[in-house]
Amino acid sequence: MNSALFIIFAFLLLSIYLGVRAKRGKDMNLEQWTVGGRGFGAIFVFLLMAGEIYTTFTFLGGSGWAYGKGGPTFYILAYGCLAYIMSYWLLPAIWKYSKEKNLMSQSDFFVSKYNSPYLGVLVSIVGVIALIPYLVLQLKGLGIIVSEASYGSISPTVAIWIGVISVTVYVMISGIHGSAWTAVVKDVMILGIVLFLGIYLPIHYYGGFQPMFESIEEANPGFLVLQDSGMSISWFISTVMLTALGFYMWPHTFGSIYSAQNSNVFRKNAIVMPLYQLVLLFVFFVGFAAILQVPGLEGAEGDLALLKLSIQAFDPWVVGFIGAAGLLTAIVPGSMILMAASTLLAKNVYKVFAPNTSDEAISKLAKNLVPVVALVALVFTFNGGNTLVTLLLMGYSLVTQLFPSLVSSLFKNNYVTKQGAFAGILVGVLTVAYITISAQTVGTMFPSLPQAIKDLNVGIIALVLNIIVTVIVSAATRTALVTGKNSSEEIA
Amino acid sequence: MKIQHLLAFIPFIGLFGGLSFANKVTPYVLGMPFILFWIVLWVVLTSGIMAMVYKLDPAAGKEETE
């Protein structure tokens, strides 16, 4: 057992210990398990929210994009920033309502606002379909990190099994309390490691940031900026907007909104989060540093840039800490996803069709669904192949389809009816599925349009269709409603 | 529309509106290509703007638990 492996396992055990210990003294009903009894203070909520944002994608994908795509990577910094602005008003409103109505899941919010359990079923299904590939991505990342950082002595398959079993155990026992404690360890680790790598590597290999960027620019002019066509400025703006809208629409993010003790946490977070996000900058720097040092990683292999360069630059014990941080970046969001998906399936799908089930039975079912969801994710992880990337791209666009009817439901007079919300979400989701599976772009659908429009993120089309259908169906069902009311009043 | 709501639009306009002029490598600022510096600048400004919004917002600062 080399020192890297030893450190990775030490951190894994620490996270399981903290995760399991978090249960102490709590009666784990569904409210405690999935939203922490709505008792989390500022720091836990901050870390949970940050924990879901700094995932293995950020760790491997952020550096991988910088390595393979260059300038377009910067969109990752921009969308979070704009999402935090919206969060200032959006999150307190969601929190307040959820507290009044004692909501547990994202679907509960739709069920309650639109008074329609079947809308909840639709929202749950969309959520679970979007969550599974997200979880699979975390698991794949976990496998890559641990097997690379152990210098190949643990295979990705074994690493993934160990990771999944650990998460499943502490999620079943401690729920979100476990995630919160693991998030503490994770954020301290990731902050230290990313800052260290992002500062040390450019200086060590190039003598500084500017010399590094200068040598990249010299080797590949235009790589560091947005392209003239393709990943252009209009691609950047549309992608940032879409991603920012989808940012808080993930079902597991809702769980952490509900877990807060008071709503002021979110307002303070909106000030601090943009700055905290700058950590990503250092992830990018690592990816850029790797371009000329470990050249030749093609396509998906670019995700290995950070690890390959670290292995080349450091002793095994340093690599061990990097591997441990990577492991935790998979485990925290992984645990939140498992919990959110299980809660949705138990409370918002199963209970709708078996309304007489008691709360205790639902709570028990949610916990027992954790290993089931984990197993489904494992099957996709080991057999997914390339369909996985397609599914993942779909995930973000899918949850974004929930945005129009969610935001509209926060207004005093909600124009959107339950039929409108249902039809809009359905049309949006089907459009996303069609576009993703047939690999269409705005350019292929409308080849005669100007380049700037052709470069728009194709998700815009689904969102626009969604809004149109929502408005039309709402208008139709509202008139029916109003006439219905009037005529009954006349009769009365 | 209150002033704190208008403030919130500034980062959107600034970040996106300046892109066509900022989409270049030189001059390097703080060692970063100009486009990256531009985005980082707006991230930092956003934090400042949200702090101003917080100060102006009558709802902020109250530890609502109801």
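I start with helix α8 of chain A and its buried residues: Ala159(A), Ile160(A), Gly163(A), Val164(A), Ser166(A), Val167(A), Thr168(A), Tyr170(A), Val171(A) and Ser174(A). Buried means under 20% relative accessible area, exposed over 50%, and partly exposed in between, with a 1.4 Å probe and protein chains only. Helices are DSSP runs of H or I, at least four residues, numbered from the N terminus. This is a predicted model, where local features need pLDDT of at least 70, side-chain atom pairs count only at pLDDT 80 or more, and totals for chains, interfaces and linings use all residues. Residues are numbered from 1 along each chain as its sequence is written, chains are lettered from A and ligands numbered from 1 in the order written, and side-chain values use heavy atoms, without hydrogens and water.

The cover over those buried residues includes α1, α2, α7, α9, α16 and α17 of chain A, contact being heavy atoms within 4.5 Å. After α8(A) comes Gly175(A), with a positive phi near 60°.

Now the salt bridges: a side-chain nitrogen of Lys or Arg within 4 Å of a carboxyl oxygen of Asp or Glu. How many are there over all chains? The search finds 4. In one, Asp108(A) pairs with Lys347(A), the closest N and O atoms 2.9 Å apart. That pair links α6 to α16 of chain A, 239 residues apart. Asp108(A) counts as buried because its relative accessibility is 6%, while Lys347(A) is partly exposed at 25%.

Lys351(A) bridges to Asp359(A) at 3.4 Å between the closest N and O atoms. Asp359(A) is exposed, at 56%.

Note on methods: Helix = DSSP H or I, 4+ residues; strand = E, 2+ residues; numbered from the N terminus.
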